[in-house]
Amino acid sequence: MESSKVIHAFYTDDEVLLDAVKTVKAAHHHIEEVFCPFPVHGLDKAMGLAPTRLAITAFMYGITGLGFAIWMTNYMMIDNWPQDIGGKPSFSWVENMPAFVPIMFELTVFFAAHLMVITFYMRSRIWPFKDAENPDPRTTDDHFLMEIPVHNNEAELTSLLSETGAVEINVVDKH
Amino acid sequence: MYQFSGRLKTLSLALIVLGFVGMAFSFYNSSQLSLEDAKHAIEAANSDAHGGTHGEVASPHAAEASHDTHVVKTDKQAHAAMIHASEDHDTSHGDEHATHVLHQLQNRPWSAFYVALFFSLGLTLLVLTFYAIQRVAQVGWSVVILRVMEAITANLLPVSIIMIVVLAASVMHINHLFPWMAEGVFDPESDKYDAIIDGKSMWMNSTGFMLRSIAYLVIWNAYRFLIRKGSIKEDTSNDGNKTYKKNYNMSVIFLFLFMITESMMSWDWIMGLDPHWFSTLFGWYVLATLLVSALTVIAFVTIYLRSKNALPGINDSHIHDLAKFMFGFSVFWTYLWFSQFMLIWYADIPEETTYFVARFTEYKLPFLGMVVMNFVFPILLLINSDFKSKPWFVFIGGAVILMGHYVDVFVMIMPSTVGAQWSFGIPELSAIFFFVGLFIYTTFSAFAKANPITKGNPFLKESEHFHYYNIEHTGEGSGDHH
């Protein structure tokens, strides 16, 4: 099957990879995926990916955490078991608010951080016991891999990629 | 080479002269004050109670106040009741209160000058510290603006000299900023004897105070003098980074001494205004205030010089980084401000809460207003990554941050020196004008004296190529992206 054929181009330097991505994009080829051993700044932009919406989810999770902290402190310290906080038995959430600020801060951070990481895993389709998707184990060590689908233009792509400084170019059948 | 333009020089000199004349006028005015004026001020405060906040509280008690002076009241109402009572029964007590208010009124031009002086000295010092940090951490991105920071620190010497003069005037009883310097405080025979202050006499004595103050200023100015010399030498030395390493070593020593002297300086010069009160994180709190202001000032001078094409090699990423620091340290300031408040609020110990009681009653608007200016505003304006590289946004955010931190220093100093007799007028504005003028003059004449770029710095290339991956530089395509 011709359409499931892909080219795997290997690089050993993130700067070379970034330039290669730009060259391939400039020649109007679609890049399916790039596998990196570490995050490369500016790669998403060079590949033309839409900006991440993770920051927006982080904000919403943070607000959720803040809301939860307000509810929790009110329930625990004011409602369910009213407490005399710092010798000021006002039994009002607002008047004791300074004492709850650290809790509100911590839970905001806690919710934002943990839920954002979980969201990121889900969005990247990574969950426990899942088999790795990266096509070559070297991308977890010191190699970068660019995957480009082939549409009857194998020779053209191969020559283009070899000019960009790829250290290895393989054409493989993707199952 | 940058040339200090005639127009800017005229502006700075005009500000200095204007400030000087305004200060002279304020000092003359305060020297003419009499007990009568103080009594007028007390009556004015009673009838008007400084804005709406007290008026509301005052009204229900107004009727009772004359016959029941034990009702819990705010400070000012207590004063009012005391004066009313004393006018009927005991005139000598009323005079005593009026003398106290008179001293506060006479303190006002000194305090106004001291606020602006401390702010100017402090932020210049923190620019010097930030500069030393760049050297010690061998920071790459900031190399093209090292000379900007160096130029700003030229302001350190004149303000240090003025500081010594003002502190010497305090010690010589020419002004009454520091209550512990008053006659008889350490004398058990005197009716002004203060056992709490006497217990701190190991630290709080005029000789030690003066010696320490001179030591701080000498240490800071010595580093500024040596590093400026070393930095200019670095440009042409070409000695395999030997000068660079020497400058590095000097900066390490300075940072060590700075951390000690900065804390002690904040105890002596600010906390000493309130000699009964103490806070263990006060040094940090003052540091945060001054550091945010210092970064804002660096950003301002950088943006100005860039607009005059006087800074080769600078790009949007440098502005972006400065704005990130402004944003980050605004949050840091808020963290310390709140930490100090929360612990004192929680423990609720009378000798600690006095600090906040004074600020929540007589200084409510500036005290809470500055939290909005120093926290809420920078958060909203500078959280967006794109905004941080736009000079306009950095300028607006920075202007609010600088005003907010001036108010912060104002609220640190004024409640203990002038109490309820504060306002913002000719003395405060003149002092600001004077120090802004001095700042502009010293900074830009120093910048014109040296190469705008530290050519000999081994990290210069890194700084010139600095590009934060997430922003587009103006006037460049996304092609040159590294």
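**Notebook: sheet of chain A, helices of chain B**

I began with helix H1 (residues 14–26) of chain A, which lies across E1, E2 and E3 of chain A and runs at about 15 degrees to E3(A). Helices (H or I, at least four residues) and strands (E, at least two) are DSSP runs, numbered from the N terminus. For angles I used lines fitted to C-alpha atoms as axes, for helices over the stretch in contact, with values from 0 to 180 degrees between N-to-C directions. Contact here requires C-beta atoms, placed from the backbone, within 7 Å.

The model is predicted: local features need pLDDT of at least 70, side-chain atom pairs count only at pLDDT 80 or more, and totals for chains, interfaces and linings use all residues. Residues are numbered from 1 along each chain as its sequence is written, while chains are lettered from A and ligands numbered from 1 in the order in which they are written.

**Sheet in chain A**

I looked up the strand order next. Four strands of chain A form an open sheet in the order E2-E3-E1-E4, with antiparallel pairing. The edge strands are E2 and strand E4 (168–173) of chain A, each pairing on one side only. Neighbouring strands of this sheet are turned by 20 degrees against each other on average, direction ignored. Strands count as paired if DSSP finds at least two bridges between them.

I then took the pairings of E3(A). Strand E1 (residues 5–11) of chain A pairs with strand E3 (residues 144–149) of chain A in the antiparallel sense, over six bridges. Strand E2 (residues 33–35) of chain A is joined to E3(A) by three bridges, also antiparallel. Which residue of E3(A) is the bridge partner of Glu33(A)? I found Glu147(A) there, and His8(A) also stands opposite Glu147(A). Val34(A) stands opposite Met146(A) in E3(A).

**Chain A against chain B**

For the interface I noted eight residues of chain A in contact with nine residues of chain B. The chain A side divides into three nonpolar, four polar and one charged. Nonpolar means Ala, Val, Leu, Ile, Met, Phe, Trp, Tyr, Cys and Pro; charged means Asp, Glu, Lys and Arg; the others, Gly among them, are polar.

**Helix pairs in chain B**

I checked helix H10 (residues 242–269) of chain B against helix H11 (residues 282–307) of chain B: they pack at an angle of about 100 degrees, with axes 8 Å apart. That makes H10(B) roughly perpendicular to H11(B). Angles of 65 to 115 degrees count as roughly perpendicular, under 35 as roughly parallel, over 145 as roughly antiparallel and the rest as oblique. Glu262(B), Ser263(B), Ser266(B) and Trp267(B) in H10(B) meet Phe282(B), Gly283(B), Val286(B) and Leu287(B) in H11(B). I noted four nonpolar, three polar and one charged residue in this contact.

The second pair was helix H12 (residues 316–347) of chain B with helix H15 (residues 391–417) of chain B, at about 30 degrees and with axes 11 Å apart. H12(B) and H15(B) are therefore roughly parallel to each other. The contact of H12(B) with H15(B) divides into six nonpolar, three polar and no charged residues.

**Arg108(B)**

Is Arg108(B) buried or exposed? I found Arg108(B) buried, with 23 other C-beta atoms within 10 Å. The cut-offs are 20 or more such atoms within 10 Å for buried, 12 or fewer for exposed, and partly exposed in between, with C-beta atoms placed from the backbone. Arg108(B) sits in helix H5 (residues 91–136) of chain B. Not counting residues up to four places away in sequence, Arg108(B) touches Ser30(B), Val418(B), Gln421(B) and Pro427(B).

Methods:
Two residues are in contact if their C-beta atoms, placed from the backbone, lie within 7 Å.
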